[in-house]
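Q: Please take a close look at one part of this structure for me. I would like to know how it sits, and then what lies around the contact between the chains.

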Number of protein chains: 2
Amino acid sequence: MDTSRWDNETDVLVVGSGAAACSAAIVARSRGADVTMLEKATLFGGTTLRSGGGFWIPNNRFQKEKGIEDRKDDAVRYMARYSFPQLYNPADPRLGLPENEYDLISTYYDTASTAVNYLEEIGAVKAIQEINWTGRPQVDYMEILPENKGIRGRVLYSMGADGKMAYGGELIRQLKTWADGHGIKTLLNHRVTRIVRDQKGDVIGVEASSKDRQVRFRATKAVVFGSGGFTHNPELMLRFQRGPHFGGCASPGSTGDFVYMAGAIGAQLGNMAGAFRAEIVLEQALQDPKGVHNVFYVMGDSIFEVNRYGLRFGDEKRNYNDRAMTHFVWDPLRAEWTNMLVFMVYDQRTATLWQGFPPLPVQGTPAPHVISGNTLDELAQSIGARLAQLATRTGGFSLDAGFAANLKQTVGRFNSFASTGSDPDFHRGDFDYDREWTTFPPTVPGTKWPPEGARNYTMYPLSETGPYFAVILGAGTLDTNGGPIINRHAQVLNTEYKPIPGLYGAGDCIASPTANSYWGGGSTIGPALTFGYLAGMNAVPEPVKQGE
Amino acid sequence: MDTSRWDNETDVLVVGSGAAACSAAIVARSRGADVTMLEKATLFGGTTLRSGGGFWIPNNRFQKEKGIEDRKDDAVRYMARYSFPQLYNPADPRLGLPENEYDLISTYYDTASTAVNYLEEIGAVKAIQEINWTGRPQVDYMEILPENKGIRGRVLYSMGADGKMAYGGELIRQLKTWADGHGIKTLLNHRVTRIVRDQKGDVIGVEASSKDRQVRFRATKAVVFGSGGFTHNPELMLRFQRGPHFGGCASPGSTGDFVYMAGAIGAQLGNMAGAFRAEIVLEQALQDPKGVHNVFYVMGDSIFEVNRYGLRFGDEKRNYNDRAMTHFVWDPLRAEWTNMLVFMVYDQRTATLWQGFPPLPVQGTPAPHVISGNTLDELAQSIGARLAQLATRTGGFSLDAGFAANLKQTVGRFNSFASTGSDPDFHRGDFDYDREWTTFPPTVPGTKWPPEGARNYTMYPLSETGPYFAVILGAGTLDTNGGPIINRHAQVLNTEYKPIPGLYGAGDCIASPTANSYWGGGSTIGPALTFGYLAGMNAVPEPVKQGE
């Protein structure tokens, strides 16, 4: 080590501390490498720490134990069709996909369960299969597609001390415990600012800043990035995403550092218009841009969403990722995004029964993001007034003149659907996902629910009398999922689509193998753990770089 | 010159040969620089050669001559709102835009007319203002916005030998004539493959390949790229654009070379989901991917477009760019793009009267892209059959089961609108643009049109009897308009948003100042000429680079 140039040396340097980074670090360490992790935040765990903590793992051991057959051909077809619908060709050997896109999906099927099993075997993770409130293993997020075949049980979580499934905090706790116990050096408050290469172009380390001090880290074998997306970088969001977003629940450090650093050394970017998305409470996001304000589930039954015309525009019980995609509808007569802001509308029943489930406040607590009215007309007027207050931050987005009249008609139409149990407009509640994932029993204990004789418990007529409530929603992200392109070894590719020696990536900082889709619960962390595992496995046998 | 390393030397090297490249080359030459242009195709002129040839120039001399006041404050507000609707804030000094985005728009207003005047003064271009078929200077493409104020006359063309406005071929002829007459060296069949920098990182030349030979070009002052977008690179289209496209009318060389080359040296990309768009005839584009098959205008009156549900989804007389944006609507219940393919439907009247205006064939000539049926049911059935034949190339896109029934209802509804002259659904024909830009008199000479007493000549009832016709349309591009970000001097910026010394860009190869909008006719070539002019002007006083 050239002590005049490097402050630290390690075999494998890992940037970030979420699921992707931890998986790479732990796997590399388990194979004998000396490993250092650099995290720019004061907290360890990245976006995983704030997440639900699930990981979508096809063909996992729990499925096998339950006798659920999860064949490669089925799983790959499902992923390929959902991720690349316009290319999908069932008769083609690669299903119509370009080579690298197909490779990543095929590799994902082959490796995901291996990766989790490995992490379990070395004691880094204790996994458990999600069983939902109806007592069944979970379905996927696009279980409607024929290629999905309704296969259940792909969603795993970490198991908490109580033997039950636990959130992302527990997953990070388990990973961090293993890292600490096995000599992985984890440095917080270290912001990596530059990737260092030698004359040949091999990656040999990074520069970081810590408390205004520049620190140079030598990596003799490889640098692995698992540093998150660019949700909290407004310029990158504006310049790459497919439409307007209002933030997201990614950790505050998700500012696209890797996009810049990898871009500076000629990495090829991809999927930059892509994200894992969910609607977000506009006013909370404007007030507190780094907080968690996504609306993952439209909870309750006497509740729906309408756009600026007062019209429903989708099945409110569909998955959050695809629901957020419905916000990107361009209006050629107004030169604006029709559904940029939409309105969750509900009555006192839902406000009471599902209170405390975000964004529904606990009754009696202050909730400035909730707009109310004693009548639907009053509610419409209040929404309009609120939008006017927000105009400077929304491009002057406003309600159509017909909003109030249409809203009343929409209530009538929705109520008739709720009465018959059938929604011919958007088929709400017709699918397993709608009934099991996004419709839970009330949060108020002791409530008898579903109502006796309910034909479709995802819907219930809104009350004939007020008060009524509304929350303004925009599109948001969990995090973006575009960045440098990787190959099936998790190596970062250059603009000639060749690996940049010594550079790996996984998680939301790279062009996700999922593209713009969300295969099932844990479609974020599943690939993060899996390609992190591949990065770790492949980094260890890397030749030692000779340096500058 | 180090003859062992360089094959050629020039002051300013220009890559490409369309409007942006020619403008840069001519301006640099006019200021005394030695200039070489490299074009990879066998034809000179890039996409401009195939284009309409208009250039959108606010506050131009023709407007002044006609007493049309085109104030900066108005023009900038129009551009800012249309390009960044979600950010637009009329009270903000930068109108809500990030600094560079605002700068580029402000600079565009300040420079566009200066640039064209300059090209006219040196004799490189002879300009003429467009007067449309109704005898008026043209309106803009989003004349509906209040910020537009209905200002006319921003659209200029080159003037042909007959004193009339001419297409892009004439513009290129004029530019090339000047270049040839003033000692600009223009080399065809030279594909630039790499940007060469010195130790400091300054750009000092390029490598190119010509007939399998590698040639190295030294540029002592600067390299300017005007090399087009990435329409004809399916992988970049898939990995960056906001939704599926089926090609476009960009010159075949528009394969994103600059994205890769600039990416390799650390340029910061932007607007990569953006494009200048128009619908495209699916089957022609599949058959002949490099040809011109866009549908700029939905010509005729007894004609409309429907989606897979048999429903209209917009004003068919709106501008092509925003019309194509309506194709990107995601369906969360089918995991596909609802309007990925749509159907232009018309009757014998429009087929006859507007024959020969693409995509309507001259009657009696073979037109495999036209689907027909003696009844609407038969037409629906034929469309379904045609889609089935195309399934392997469209992700199996198909008609909804209700298509035929809805189509019949849509005909009835459209016919009632046509009778009253009012389209409450999409306001077709309510706007100057609709009536003047995209509705022309019939191509058949001597036809009396508009019909006597027509209240809205953009619409006419479809015949009660067949035959009926349909053409399948998808989204396409004129060309993409994302790439490296430039500043107001047309310098290419690196990932720290600082200029890369010696590197300039203009036209479709850089992140367009227009973002995703189309300010008016010539919104492509206007910025190309203007930022090309800035590149040329700023390249000449560049210090001589010392080289490697």
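A: Start with helix H14 of chain B. In this predicted model, 14 of the 15 residues of H14(B) are buried, so the helix is largely enclosed by the rest of the structure. Its length also checks out. H14(B) covers residues 525-539, and at 1.5 Å a residue its 15 residues should span 21 Å. The end C-alpha atoms lie 20 Å apart, which agrees.

Now the contact between the chains. On chain A, 59 residues are in contact with 59 residues of chain B. Together the two chains bury about 4,800 Å², and 61% of that is on carbon and sulfur atoms. Within chain A, the residues that lose the most area to chain B are A:Gln86, A:Arg239 and A:Leu333. Together they make up 16% of what that side buries.

The rule finds 2 salt bridges between chain A and chain B. One of them joins the side chains of B:Arg239 and A:Glu101, at 2.7 Å from N to O.

Several elements of chain A give two or more residues to the side that touches chain B, including helix H3 (72-83), helix H4 (99-121), helix H6 (234-240) and strand E16 (336-337). H6(A) gives the most, with 5 residues. By type, the residues on this side of chain A divide into 31 nonpolar, 17 polar and 11 charged.

Key:
Residues are numbered from 1 along each chain as its sequence is written. Chains are lettered from A and ligands numbered from 1 in the order in which they are written. This is a predicted model: local features need pLDDT of at least 70, side-chain atom pairs count only at pLDDT 80 or more; totals for chains, interfaces and linings use all residues. Side-chain values use heavy atoms; hydrogens and water are left out. Contact means heavy atoms within 4.5 Å. Buried area is the accessible area (1.4 Å probe) that two parts lose on being put together, summed over both. A salt bridge is a side-chain nitrogen of Lys or Arg within 4 Å of a carboxyl oxygen of Asp or Glu. Helices (H or I, at least four residues) and strands (E, at least two) are DSSP runs, numbered from the N terminus. Ala, Val, Leu, Ile, Met, Phe, Trp, Tyr, Cys and Pro count as nonpolar, Asp, Glu, Lys and Arg as charged, and the others, Gly among them, as polar. The expected span of a helix is 1.5 Å times one less than its number of residues. Buried means under 20% relative accessible area, exposed over 50%, partly exposed in between (1.4 Å probe, protein chains only).
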